[in-house]
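Hi,

Here is the structure I said I would pass on. Have a look at it first, and then read my notes below.

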Amino acid sequence: TKTKYTPWQVRYEELQRFKAEYGHVLVDHKTKLGEWVRAQRRQYNLLMKGAKSSLTSTRLALLKELGVFEYQPAFEVVGAHSSAVPSAPFIRAGMSDEEKFEAWRARFAAFQD
């Protein structure tokens with residue numbers, strides 16, 4: 001059986017709806033949307049290394065706008081619709097060690113609840 005191709009724009013719109021509903025883009029990788037997000041992150045990593053990538057500047061801007069390339073440890077994805085994830089702050093480049101510690105502390109507390 002041949003896998004049906006889903007256009008990029010269709011998946012992007014699906015991701016927009018996901019973020020609107022759940023407040024984050026940490027999609028379970030076991031879903032079709034999650035596989036697509038993972039592929040976009042792979043293409044982004046290739047682009048950042050200067051390698052050939054299918055990620056155009058337009059697509060890159062759209063995905064950045066949704067926060068797809070922000071630091072998101074894999075263990076955060078408890079499920080495709082985890083309510084614990086959005087309450088935990090993200091670790092961002094340029095944060096002080098104290099800010100990182102506080103973010104991780106808050107993240108840990110969110111997962112204990």
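What percentage of the 113 residues of the protein chain count as buried? The figure is 31%, where buried means under 20% relative accessible area, exposed means over 50%, and partly exposed is in between (1.4 Å probe, protein chains only).

Before the rest, a word on how to read this. It's a predicted model, so local features need pLDDT of at least 70 and side-chain atom pairs count only at pLDDT 80 or more, while totals for chains, interfaces and linings use all residues. Residues are numbered from 1 along each chain as its sequence is written, and side-chain values use heavy atoms, with hydrogens and water left out.

The overall layout: the chain has four helices and zero strands, running α-α-α-α from the N terminus. Helices (H or I, at least four residues) and strands (E, at least two) are DSSP runs, numbered from the N terminus. Of the contacts (heavy atoms within 4.5 Å) with a separation of 6 or more, 49% are between residues 24 or more positions apart.

Now the packing. Helix H1 (residues 8-22) sits against helix H3 (residues 57-66) at an angle of about 15°, with the axes 11 Å apart. That makes H1 roughly parallel to H3, a label for angles under 35 degrees. Axes here are lines fitted to C-alpha atoms, for helices over the stretch in contact, and angles run from 0 to 180 degrees between N-to-C directions. On the H1 side, Trp8, Tyr12, Leu15, Gln16 and Lys19 take part, and they meet Arg59, Leu62, Leu63, Glu65 and Leu66 of H3. By class, that contact has six nonpolar, one polar and three charged residues (Ala, Val, Leu, Ile, Met, Phe, Trp, Tyr, Cys and Pro are nonpolar, Asp, Glu, Lys and Arg charged, and the others, Gly among them, polar).

H3 also packs with helix H2 (residues 32-48), at an angle of about 120° and with the axes 12 Å apart. Trp36, Gln40, Tyr44 and Leu47 of H2 make this contact with Leu60, Leu63 and Lys64 of H3. Here the classes come to five nonpolar, one polar and one charged.

Last, the structure holds one salt bridge, meaning a side-chain nitrogen of Lys or Arg within 4 Å of a carboxyl oxygen of Asp or Glu. Arg11 pairs with Glu14, their closest N and O atoms being 2.8 Å apart. Both lie in H1, three residues apart, about one turn of the helix. Arg11 is buried, at 14% relative accessible area, whereas Glu14 is partly exposed, at 25%.

Cheers

Technical notes:
Angles under 35 degrees count as roughly parallel, over 145 as roughly antiparallel, 65 to 115 as roughly perpendicular and the rest as oblique.
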